[in-house]
Amino acid sequence: MRIGLLTEGGYPYATGESRLWCDRLVRGLVQHEFDLYALSRSAQQEEHGWVHLPPQVRQVRTASLWAPEDDGRTHGRRERRRFVGHFKQLAAALCAEDDDEGDGFAQGLYGLAELAREHGGLYAALRSELAARTLESACRAPGVRRAAQGATVCDHLAFVDGLERALRPLSLDWYGQDALGAVDLCHAASGGSAALPGLLAKRFCGVPLLVTEYGVQLRAHHLAASEAELSSPVRTLLAAFHGRLAAEVYRQASVITPGNTHARRWQEKCGADRAKLRTVYPGMEADRFAALGDGGGGDPHTLVWVGRIEPAKDLIALLHAFAEVRKEEPRARLRIFGAPLSGPESAAYFAHCRALAAQLFPDEAADAHAIGDNPVSFEEIGAPEAPELVDAYGAGQVVVLSSVVEGFPISLVESMFCGRATVSTDVGAVVEVIGGTGLVVPPRNPRALADACLALLRDPERRDRLGAAARARALELFTVEQNLTAFRGIYLELISHSPVQREAESVDADGEPRPFAYPAESHVPGRWPAPGPAPGGHTPSWADGTGPGLVRAAEEAGR
């Protein structure tokens, strides 16, 4: 089977949120061939290059969402009229309070895609005065959103700029029979812009679409927009666009695979049909944590935190909770293992956390001649104290997660593979992942977090029992093997319900349909040689299309 894997800001680039599970998917399903269609988000991402690709990757096509992609074409009078008509439909759907069926949005979107496919010039058209005036007219129409009514010319221009970037996949040359039209299935590694090529491949070529979301793209856009310096009308229109796009993606997808119940709820709220939803947990490598699998080792008085140091992880609450722990357990220690800092915001937050730790826990010394020691340490994964991730989890016997925002908690699953008892806040998919094998407390509640940590520090038997149960659960649900098994079955199910789209290979020299162009054994794992002469020089009838069964079938088809 030939799979078109669609990504945005991830695989095959060396950085990005989808690179790990996509790489495991491609390497694990060796019986399939993969064509990669990747959208990059920044110049820095492209500069870091690609990961090493396995041989089953046939081709890679890339495009950028961050740099202007002007094809140099402009529209004539007829094309301008078509553009205005389609863009007016799209803008009206985004400005309206209700577009429950999504018909206006879909018609406008696909109309713009067909115009770009036939004549190009979409970049210039979307950034033209004509587009801004059309959007202004839509915002002034009766019954539109209140925020859209107050949009200024600057707001119109800012929104059109963001819309043009999001719609760049419409202008790509990915939708012919030498590209996505030749694949058996499109698998989008996320919603949003990554799924747009899949929508068009289905529209133009009839290729079925599978959408996987381990982090809901719509939620990510809402969070990013709230932090960006955008006016209320621009945020409203962008939110409307991404919401309508998500609904259309879910409507057209044959199967949607959320990574957890938290993502599934978001998808259902955006209109996804429950019958299409199949939860497939991310697959993680358990072997790298096998050394700690029995739950042994580690200081029984040490709490461990592992992750990216950023405000969403709420280390402030963790430090205040540990202050309460120290009052009742003076021997307790807290070791914070962080990934390398990713930017100025993370660096500022890290400095704030260190300053708070120094304030809450002054260096302590056993006597007047000893060197003071702080019970809280900040360490970097890869440093001598923790050269590998498993060394960080092995530093203590209780792992803490204090986040206020979380999707699928990777560090929590890693600690479960290590057989560690855990204390977590009830955010994102934490409860679904932990499933009763750890303690869960409300977020932003240092007192509750401290009480849970004390309960495990004081009860070794309970700690060991929870750690063993956590490891068993992780091995059952969150391994690479279960992830590959799920997608292997979904691939075969989808292709069994979809006609083959490779027209060039399914017709004979006269352009007539070739009966049985794809025999059943062509879907058996492994590579099959092209039909040709047998060892004795004779070409079998099933290979040259002259066998009696094939001739009879051809005659029946011609009647």
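**Close-up views of a predicted model**

**View 1. Serine 193 lies in the loop between β4 (185–188) and α9 (196–205).** Helices (H or I, at least four residues) and strands (E, at least two) are DSSP runs, numbered from the N terminus. This is a predicted model, in which local features need pLDDT of at least 70, side-chain atom pairs count only at pLDDT 80 or more, and totals for chains, interfaces and linings use all residues. Residues are numbered from 1 along each chain as its sequence is written, and side-chain values use heavy atoms, with hydrogens and water left out. Serine 193 counts as buried because its relative accessibility is 7% (buried means under 20% relative accessible area, exposed over 50%, partly exposed in between; 1.4 Å probe, protein chains only). Apart from neighbours within four places in sequence, serine 193 is in contact with Glu8, Leu39, Leu65, Ala166, Pro169 and Leu245 (contact means heavy atoms within 4.5 Å).

**View 2. Serine 171 is found in the loop between α8 (153–166) and β4.** With a relative accessibility of 37%, serine 171 counts as partly exposed. Its contacts, not counting residues up to four places away in sequence, are Ala116 and Leu122.

**View 3. Aspartate 23 lies in helix α1 (residues 19–28).** A relative accessibility of 18% places aspartate 23 among buried residues. Leaving aside neighbours within four places in sequence, aspartate 23 is in contact with Tyr11, Val51 and His52.

**View 4. Glutamine 252 belongs to helix α11 (residues 232–252).** The relative accessible area of glutamine 252 is 18%, and the residue is therefore buried. Not counting residues up to four places away in sequence, glutamine 252 touches Tyr110, Leu199, Lys202 and Lys276. Glutamine 252 and proline 208 are 44 residues apart along the chain, and their C-alpha atoms are separated by 8.6 Å.

**View 5. Helix α3 (residues 77–95) packs with helix α4 (residues 103–119) at an angle of about 150°, their axes being 7 Å apart.** Axes are lines fitted to C-alpha atoms, for helices over the stretch in contact, and angles run from 0 to 180 degrees between N-to-C directions. The angle makes α3 roughly antiparallel to α4 (under 35 degrees counts as roughly parallel, over 145 as roughly antiparallel, 65 to 115 as roughly perpendicular and the rest as oblique). Residues making the contact include Phe83, Phe87 and Leu90 of α3 and Phe105, Leu109 and Leu112 of α4. The residues of this contact divide into 9 nonpolar, 7 polar and 4 charged (Ala, Val, Leu, Ile, Met, Phe, Trp, Tyr, Cys and Pro count as nonpolar, Asp, Glu, Lys and Arg as charged, and the others, Gly among them, as polar).

**View 6. An open sheet is formed by 6 strands in the order β9-β8-β7-β10-β11-β12, with parallel pairing.** β9 (376–380) and β12 (439–441) stand at the edges with a single partner strand each, so one side of each has no neighbour in the sheet. From one strand to the next, the twist averages 25°. Two strands pair if DSSP finds at least two bridges between them. Strands β7 (residues 299–307) and β10 (residues 396–401) run parallel and are joined by 3 bridges. Glycine 396 in β10 is the bridge partner of aspartate 299.
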